[in-house]
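Please consult the sequence and the structure shown below before reading the notes that follow them.

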Amino acid sequence: MKKILLYTFLGITSFITMVPFLWMVSASLMNDGEASVFPPVFIPDYAALIQFQTLFVRLNAAQNFLNSLLLSTIVTIVSLFFQFHGRICLCKISLCWKG
């Protein structure tokens, strides 16, 4: 009985958690203004990919993604460099509480 209640609770909460994500995906495939109709339509009549074309062509999202990827790679490498050398320095010196 406990397992049934647990799995029911987990199923309901996972469904509630996934609904906004599914709505975002569905709304991204709708035409302009179609996502704000009442009652809401969760599955569009046909998938319109023009929004993605606008995103990548006019707003240059691919270049922005590559810039973010380059910057995060550089920051990670610099951070690892300093952490590695700091760790070596702490291991080499004898600390007063080390014993």
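This is a predicted model: local features need pLDDT of at least 70, side-chain atom pairs count only at pLDDT 80 or more; totals for chains, interfaces and linings use all residues.

Residues are numbered from 1 along each chain as its sequence is written, and side-chain values use heavy atoms, with hydrogens and water left out.

**Aromatic pairs**

- Rings of Phe, Tyr and Trp (its six-membered ring) pair if their centres lie within 6.5 Å; planes under 30 degrees apart count as stacked, over 60 as edge-to-face and the rest as tilted. By this rule there are two aromatic pairs.
- Trp23 and Phe42 make an edge-to-face pair, with 5.3 Å from centre to centre and 80° between the planes.
- This pair links distant parts of the chain, 19 residues apart: Trp23 belongs to helix H1 (residues 2-28), and Phe42 to the loop between H1 and helix H2 (50-57). Helices (H or I, at least four residues) are DSSP runs, numbered from the N terminus.
- Trp23 is partly exposed at 23% relative accessible area, and Phe42 is partly exposed at 47%. Here buried means under 20% relative accessible area, exposed over 50%, and partly exposed in between (1.4 Å probe, protein chains only).
- Phe81 and Phe82 also form an edge-to-face pair, at 5.4 Å centre to centre and 75° between the planes. Phe81 is partly exposed, at 46%, whereas Phe82 is exposed, at 58%.

**Nonpolar surface patch**

- Leu49, Phe52, Leu55, Phe56, Val57 and Leu59 make a nonpolar surface patch of about 580 Å². Such patches consist of residues with over 30% relative accessible area and no salt bridge, nonpolar side chains (Val, Leu, Ile, Met, Phe, Trp, Tyr) being joined within 5 Å. A salt bridge is a side-chain nitrogen of Lys or Arg within 4 Å of a carboxyl oxygen of Asp or Glu.
- Leu59 is located in the loop between H2 and helix H3 (61-92).

**Asp45**

- Asp45 lies in the loop between H1 and H2 and is exposed, with a relative accessible area of 73%.
- From C-alpha to C-alpha, Asp45 and Asp32 are 13 Å apart in space, and they are 13 residues apart in sequence.

**Cysteines**

- The model has zero disulfides, a disulfide being a pair of cysteine sulfur atoms within 2.5 Å.
- Cys89 is in no disulfide, because its nearest cysteine sulfur, that of Cys91, is 9.4 Å away, too far for a bond.
- Cys89 is partly exposed, at 48% relative accessibility, while Cys91 is exposed, at 55%.

Notes
Helices (H or I, at least four residues) and strands (E, at least two) are DSSP runs, numbered from the N terminus. Patches are made of residues with over 30% relative accessible area and no salt bridge: like charges are joined within 9 Å, nonpolar side chains (Val, Leu, Ile, Met, Phe, Trp, Tyr) within 5 Å. Accessible areas come from the Shrake-Rupley method with a 1.4 Å probe; for residues, only the protein chains shown count as cover.
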